Structures are given as C-alpha cells and as structure tokens.
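Q: I'm new to this one. Can you walk me through its charged side-chain pairs?

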Amino acid sequence: MASDALYINDGITIAGWELTEQFVLAGGPGGQNVNKVSTAVQLFFNIANSPSLPDRVKTNAMKLAGKRMSKEGVLMIEASRFRSQDRNREDARERLKELILEAAKPPPPPRKKTRPTKGSIERRLKEKSGRSEVKKMRGRPGGE
C-alpha cells in the first residue's frame, strides 16, 4: 500500500490510502535480477469513488484512461521501464499525476462565430460571375 500522499496541484492531493501498489515480475532485459526480483509496479487508483477529485476531473480522467480503466472505475498504471523498484514506483506515480493534470485542465473557450467580410463576399461573387462568363463563351456561337 502506498503510504505517501500524491500532490497534484494546489487544489488536488490524493491521499496515500487511495493508492494501492502491487509489485510483479517484469519482463525484458535485466538478466537474473529480472527473474528473481519483482521490480515492475502496478499502481491502482479508484477514480470513480475518489473523494480527492472533483466530478469534472473524474469524468475527464476516465475518458483519458481508456483501456487502463476497469469497469468498476479503477485505474491501473503499470510501470516496468526501469530496473529498480523505487524508480518504477516514482514513474507510476508521475504518470498518474500527468493523467490527472491533463484531466484537470480547463475546457477550451467556446468558439466565436465569425462572418465573412463584405469584401470577401463581393470578391467571391465576382469570381463566380467571371467563371460563368468563361463557360458561356465555350458554347457554340449563336447564329442570327
């Protein structure tokens, strides 16, 4: 169990009791160390029932988590990038922090509707009428 609280920003801090860590054997290079020592870290965080996160951040984080989120709303981050358990713990906590910071970003400002300028409308219509004249000139000459 992770005992240290995870500081995200001024408004969000995740308590240590909300985070659960599990250590598993990591694959990849590392020789005998990888075969004997559980260096990979699985960090679990229940986003859906967390009292630390506002509702907007929860919904955004669940969207960002994608396949890492279980049906119950538990996020699992697996870190096995490094050969030591401590560095993998730090990596998993850092990745959780980045995900929550991304989810906490304010929504983009609403789009302002714009209209084409009077000059651009006139230029477009002039271009259309000019193109029309060119096409009319391609036809057979009208005899009288």
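This is a predicted model: local features need pLDDT of at least 70, side-chain atom pairs count only at pLDDT 80 or more; totals for chains, interfaces and linings use all residues.

Q: How many salt bridges turn up in the whole structure?
A: A search of the whole structure gives 5.

Q: Which residue does Glu21 pair with?
A: Arg89. Their closest N and O atoms are 2.8 Å apart.

Q: Is Glu21 buried or exposed?
A: Buried, because its relative accessibility is 9%, under the 20% cut-off. Arg89 is partly exposed, at 26%.

Q: Next topic: what does Asp91 bridge to?
A: Asp91 forms a salt bridge with Arg95, with 3.3 Å between the closest N and O atoms.

Q: Why are Asp91 and Arg95 separated by about one helical turn?
A: Because they are 4 residues apart in helix α3. Asp91 counts as buried at 9%. Arg95 is partly exposed at 24%.

Q: Which residues are linked with Asp91 in a network?
A: Arg81 and Arg95. Salt bridges link the three.

Q: What about helix α4: which residues form a pair there?
A: Glu133 and Lys136, both within residues 118-137. They are 3 residues apart, about one turn of the helix. Their side chains meet in a salt bridge, at 3.9 Å from N to O.

Q: Is Lys136 buried or exposed?
A: Exposed, since its relative accessible area is 58%, and exposed means over 50%. Glu133 is partly exposed, at 43%.

Notes: Residues are numbered from 1 along each chain as its sequence is written. Side-chain values use heavy atoms; hydrogens and water are left out. A salt bridge is a side-chain nitrogen of Lys or Arg within 4 Å of a carboxyl oxygen of Asp or Glu. Buried means under 20% relative accessible area, exposed over 50%, partly exposed in between (1.4 Å probe, protein chains only). Helices (H or I, at least four residues) and strands (E, at least two) are DSSP runs, numbered from the N terminus.
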